[in-house]
Structure formats: C-alpha cells, structure tokens
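Please consult the sequence and the coordinates as you read.

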Amino acid sequence: MTIRLPLFRLPFLVLGAVLVLAGAPARAQNIVVMVNGDPITDFDIEQRSKLDTLTTQKTPGRQDVINVLIDDKIKLKEGKKYGVDPGASDINQSYEGMAQRMRISTDQLTKSLESKGVRPDTLKSRMRSEMVWTSLVRGRFKEKLMIGEKDVADKVREGGTENLQIEGTEYKMQPIVLIVPRGSSAALQETRMKEAETYRTRVGSCEEANSLFHSTPNATIRESVTKTTADLPEALRKVLDDTPIGHMTAPEVTKAGIEMVVLCSRKPTMIDTPKKREIREKMYAEKYEKTQKAYLDELRKAAMIEYHNR
C-alpha cells in the first residue's frame, strides 16, 4: 500500500573507464519515503542517481531512482525473512571481483567512485540487494525456472535446424593453489612461483599431484572439476589442449596465491550447439524476468510505503 504524507524538499554493472574528480557535497538527511519503517533519504536518492548515471551513462528520473531504492528495501526485508543476508565478507568479495574485472585494485575502484561523488557503500548496497534477490528467486522458484530439454529442442527446430549437439571435448581438472598471504612481499611471491615451476616438473598424473600436494605445507589441492568445450573460454581451451594429460598448466598469480591446474583427462564428447545454448539461456532469462517481476509486485502490494510530501 502507498500512503502520501507531507514532502521535504531534497536537495551502478559496468562502470565508466574514465572517472573525473568531483566531491560529493553533504546533504541534509531529509526523509523522502519510509518503506516498512525503513527510511530513504534525499542523500540516498542523490547517491543512487550518481551511481546509475555512472553505470548507464544516462541520468535517471528521480522517481525511477526512488522506485529502485524502494524495491531494494523490500528485497532485503524478504531476504531476512528467509535467512538470506550476505555478510560483509560476501559483499567485499563481490566488490573485489568487480575491481578485478576492471583490472584495477579495490583502492583504485574506491577512489574512482569517490572522484565522482559516489560512496563505495552505495555500490555495495546495490550489490547486496542483487545478491539477495537472485538467491531468493532462484531458491524459491527453482522448479518453476527449470527449462525442459524438449521445449528447448522444439524451439531450436522452429528455427529450421535439426542439429542439437556437436562434437566437443570434456576436460577433467584438479586445481592446485600455493598459498601466498595477502600483503606478502614480491620476494615471497617470486619464491613461490619458482616452487610452482619445480612442482610442475615432478607431476605426471593426478594421483602424483594428490600425493604431493596433500603433504606440501601452504598448499591446497581442490576437488576435481569437469568442464566441456562449451563451458570454457577459447584461451583456456587452448591451454588445456596444449597441456599433456597428467601435467600442470603454467602457474598464475591470483588473489588466493599461485594457482595451477592438473589436467587429469581429456576426451571427446557431445555438447549442445551454440544455437541450442543461446535459446536455452534466452528461455531461462525470460522465465526468470517474468517470475521475479510477479514476486516483486506481490511484495510491493503488501509493503507499507509512506511518501513524505511538502
């Protein structure tokens, strides 16, 4: 339900590569909307507007920003109802992941946001609501969101093609991590890289890797994973195709430390055609959008939304 009360005047995921210095002026914390007893202030609106402008390169309408913030409040409340409440470490990890995809450090991302007058917490709040909502929708409507193979096949054939699968490759891999604590010196990292190269010469099978790294200090051997051609980017497929079975890929520096992969097996298999994968993904996206919209509309109708009007 929506209630209108007296109004106070009140004075985001692809980020732009170029960010210009601009300080964020302080604003009075005038309450614009109350959502289930939780306030949205003019400063919240200003911050989200700047973030949305940064991510879309378009200035959103004020009411559109208010609606997004209302939705976020509703989503977070529903998440808490079902125990979906990401911790600070989860949010920070997502924030770090964004910085990595932009090929910058988290400090650089923070400074870039602040240079546009956007507080990092504004982006993190957006991330939190997205994480909660995705988890809720996929968890509560898992069965409803399933896409049947027959439905996908029928849709493919509508396009005039009978091919549903093509030949591909299946890779079974075992990830290895040589731990390098955060903040370690460049010398330690270089030492660990040399150790990794030495280990590569000693490993000739996944069994040998398991035996070696289970007894190696500051090393972790993770559960094996199986991927097909369709799951991997072309660059990684080429690396795996060029790696002898039982041997390790070249070490790479990641936030976890020095990582390598032991190629346990590589064999031919049948995989979905690109067209079939595209159609399945499109069908899922359409079903997800319809489901989440209906869910949010239902929650909005039950929410107490109070506008403070002048």
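**Burial, strand pairing and the disulfide**

Q: Is Asp42 buried or exposed in this predicted model?
A: Asp42 has a relative accessible area of 1%. Burial requires a value under 20%. Asp42 is therefore classed as buried.

Q: In which helix is Asp42 placed?
A: The helix in question covers residues 42–56. Asp42 belongs to helix H1.

Q: How far apart in space are Asp42 and Tyr288, C-alpha to C-alpha?
A: In sequence, Asp42 and Tyr288 are separated by 246 residues. In space, their C-alpha to C-alpha distance is 32 Å.

Q: Over how many bridges do strand E4 and strand E8 pair?
A: Strand E4 covers residues 165–179 and strand E8 covers residues 257–272. One of the bridges joins Pro175 to Val261 in E8. The two strands run in the antiparallel sense, and the number of bridges between E4 and E8 is 15.

Q: Which residue in E8 is the bridge partner of Glu252?
A: Strand E7 comprises residues 252–254 and pairs with E8 in the antiparallel sense over three bridges. E7 and E8 form a hairpin with two residues between them. The partner of Glu252 in E8 is Glu259.

Q: Which parts does the pair Cys206 and Cys264 tie together?
A: The structure holds one disulfide, formed by Cys206 and Cys264 with their sulfur atoms 1.7 Å apart. Cys206 lies in helix H8 and Cys264 in a strand, so the pair ties together parts 58 residues apart in sequence. Those parts are helix H8 and strand E8.

Q: What is the handedness of the link of Cys206 and Cys264?
A: Both Cys206 and Cys264 are buried. The angle about their S-S bond is -90 degrees, and the link is left-handed.

Definitions and conventions
Residues numbered from 1 in each chain as written. Predicted model: local features only at pLDDT ≥ 70, side-chain atom pairs only at ≥ 80, totals over all residues. Heavy atoms only, no water. Helix = DSSP H or I, 4+ residues; strand = E, 2+ residues; numbered from the N terminus. Buried < 20%, exposed > 50% of the residue type's maximum accessible area, 1.4 Å probe, protein only. Pairing = 2+ DSSP bridges. Disulfide = S-S within 2.5 Å.
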